[in-house]
Amino acid sequence: MTNKNIFFIGFMGSGKTTVSAAFGKTYGKQVLELDDEIVARDGRSVRVIFEESGEEYFRDWESRMLREITDGSDTIVSCGGGIVIREQNIRTMKENGFIVLLKASPETTFERVKNEKTRPILNGHMNVEYIEQLMNKRAHAYQEAADVVVETDGKSVEQVVRDVYESIHRAGQSSI
Ligand code: S3P
């Protein structure tokens, strides 16, 4: 297994948080949740940051925390779904580790996120059509950033963890 940082990216509900935690546990690696780092430093929830200070303010935090976190190595970083919006973040991740894109269909995504109120981007747009639209809008950026892509539809967390491990190996990142 690689000793580079591993960044999990993907749309909201693609399983980044769950898979990162399981992956870190399986392979004994530290896991950081970028959103949690922002919340800890800012002192407000993501929802309140968006409400009170707006999206750009949140995106500034996101870029800043990403740079701070990537100082070390051998860390699993679970990124927020919007991390690829800024080109600079993609560069930061590419320079400092390996990028795993988790994918899910709009229907699966909807099923995973529909009862949650924590994602300001989906507030008032909690439906498959909007999710698909936003996914399509971001698809190019996700694809451009990804070193490997892992599908999650219909798979258990354990299966996704195995698939991630195998794709990292196939990509030649095998020095543990
Ligand atoms: C966002 C995704 C969220 C969070 C914020 C914005 C996005 O993270 O960073 O609500 O723009 O896709 P998750 O992907 O972990 O839900």
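Where is the place of S14? I found S14 in the loop between strand 1 (5–9) and helix 1 (16–27); helices (H or I, at least four residues) and strands (E, at least two) are DSSP runs, numbered from the N terminus.

A note on what I am reading: this is a predicted model, where local features need pLDDT of at least 70, side-chain atom pairs count only at pLDDT 80 or more, and totals for chains, interfaces and linings use all residues. Residues are numbered from 1 along each chain as its sequence is written, and side-chain values use heavy atoms, with hydrogens and water left out.

Is S14 buried or exposed? I looked up its relative accessibility, 3%, so S14 counts as buried (buried is under 20% relative accessible area, exposed over 50%, partly exposed in between, with a 1.4 Å probe and protein chains only).

Next I checked the neighbours of S14. Its side chain reaches the backbone oxygen of F11 at 2.7 Å. Leaving aside residues up to four places away in sequence, S14 touches L102, A104, R112 and T152 (contact means heavy atoms within 4.5 Å).

Then I turned to helix 7.

My last stop was E129, in helix 7. At 55% relative accessibility, E129 counts as exposed. I also looked up its C-alpha atom, which is separated by 9.5 Å from that of F110, 19 residues apart along the chain.

Methods. Polar contact = N/O pair within 3.5 Å; in protein donor to acceptor, adjacent residues only side chain to side chain.
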